[in-house]
Amino acid sequence: MAILEKPFKKVRPKMVAARLQFIGQLATFRNDEITREPDEDEWSPLQLANHLYVADGLALEQMQMVQNEDNPLIIDVREEAPRRTRSSETPVSLDAVLAGMAARREELYEYMAILPVDAWERPFRHPDWGQLKFYQLVNVLPAHDRTHAQQLTNIKAKYS
């Protein structure tokens with residue numbers, strides 16, 4: 001009898017590595033650079049960190065929807081996460097955002113860790129991407145972190 005590896009055990013290291021990549025890039029900024037007003041249509045490093053915090057909250061909502069409804073149509077996170085970030089309160093400090101990011105990510109890990117293997121195959125619909133499975137939604141998270149880590153690299157290069 002083959003023992004199936006839990007999908008969470010496969011995805012968690014990817015999520016941790018991508019988050020550490022983002023935090024590593026964030027650590028390269030001086031205190032005065034963290035909140036520096038960005039160019040138009042850009043975010044400061046602090047705003048990007050807050051965006052990941054907000055996006056993780058939205059991701060948890062979407063995951064729960066996929067698990068609790070039959071083939072739900074989820075909202076486009078590429079539009080909703082930035083909208084929620086722009087409408088959220090400005091973070092008081094980098095420490096506050098980092099603490100929030102860690103707590104929210106832990107909520108995601110706790111939720112995913114208890115899901116049975118078949119839950120990772122639950123279907124959902126995305127307005128642009130069409131029919132997908134739960135595991136594909138989860139795999140967006142490390143890609144999202146890596147995208148914003150690269151964005152921090154580009155911002156830092158402009159500051160140098």
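**Burial, ring contacts and pockets**

Guide: Phe-29 has a relative accessibility of 7% and therefore counts as buried. The model under discussion is a predicted one.

Visitor: Why is Phe-29 called buried?

Guide: The term applies under 20% relative accessible area. Phe-29 stands at 7%, so the residue counts as buried.

Visitor: How many aromatic pairs does the structure hold?

Guide: There are three aromatic pairs in the structure. In one of them, the ring centres of Phe-29 and Tyr-159 lie 5.9 Å apart.

Visitor: What makes the pair of Phe-29 and Tyr-159 edge-to-face?

Guide: Ring centres must lie within 6.5 Å for a pair, and planes over 60 degrees apart count as edge-to-face. For Phe-29 and Tyr-159 the centres are 5.9 Å apart and the planes stand at 85°, so the pair is edge-to-face.

Visitor: Which parts of the chain does this pair link?

Guide: The pair links distant parts, 130 residues apart. Phe-29 belongs to the loop between helix 1 (7-26) and helix 2 (31-34), whereas Tyr-159 is in helix 7 (residues 140-159).

Visitor: How do you know that a charge sits over the ring of Phe-29?

Guide: One criterion is a distance within 6 Å of the ring centre, the other an angle within 35 degrees of the ring normal. The charged end of Lys-156 is 5.2 Å from the centre of the Phe-29 ring and sits over that ring.

Visitor: What lines the largest pocket, and which helix supplies the largest share of the lining?

Guide: The largest pocket has a volume of about 220 Å³. It is lined by 15 residues, of which Ala-55, Val-77, Ala-81, Val-140 and His-144 are the closest to its centre. Helix 3 (45-68), helix 4 (77-87) and helix 7 each supply at least two lining residues, and the largest share, six residues, comes from helix 3. By class, the lining has 11 nonpolar, three polar and one charged residue.

Visitor: What is the lining of the second largest pocket by class?

Guide: Six residues are nonpolar, one is polar and three are charged. Among the lining residues are Lys-10, Lys-14, Glu-121, Trp-120 and Tyr-135. Helix 1 and helix 6 (134-138) each supply at least two residues, with the largest share, four residues, coming from helix 1. The volume of this second largest pocket is about 160 Å³.

Note on methods: Residues are numbered from 1 along each chain as its sequence is written. This is a predicted model: local features need pLDDT of at least 70, side-chain atom pairs count only at pLDDT 80 or more; totals for chains, interfaces and linings use all residues. Side-chain values use heavy atoms; hydrogens and water are left out. Rings of Phe, Tyr and Trp (its six-membered ring) pair if their centres lie within 6.5 Å; planes under 30 degrees apart count as stacked, over 60 as edge-to-face and the rest as tilted. Buried means under 20% relative accessible area, exposed over 50%, partly exposed in between (1.4 Å probe, protein chains only). On a 1 Å grid over the protein atoms alone, a cavity is a set of points where a 1.4 Å probe fits but cannot get out, and a pocket is an open set with protein on both sides within 12 Å along at least five of seven lines; lining residues have an atom within 4 Å of a point. Grid points are joined across faces, edges and corners, and a volume is the space filled by probe spheres set on the points. Ala, Val, Leu, Ile, Met, Phe, Trp, Tyr, Cys and Pro count as nonpolar, Asp, Glu, Lys and Arg as charged, and the others, Gly among them, as polar.
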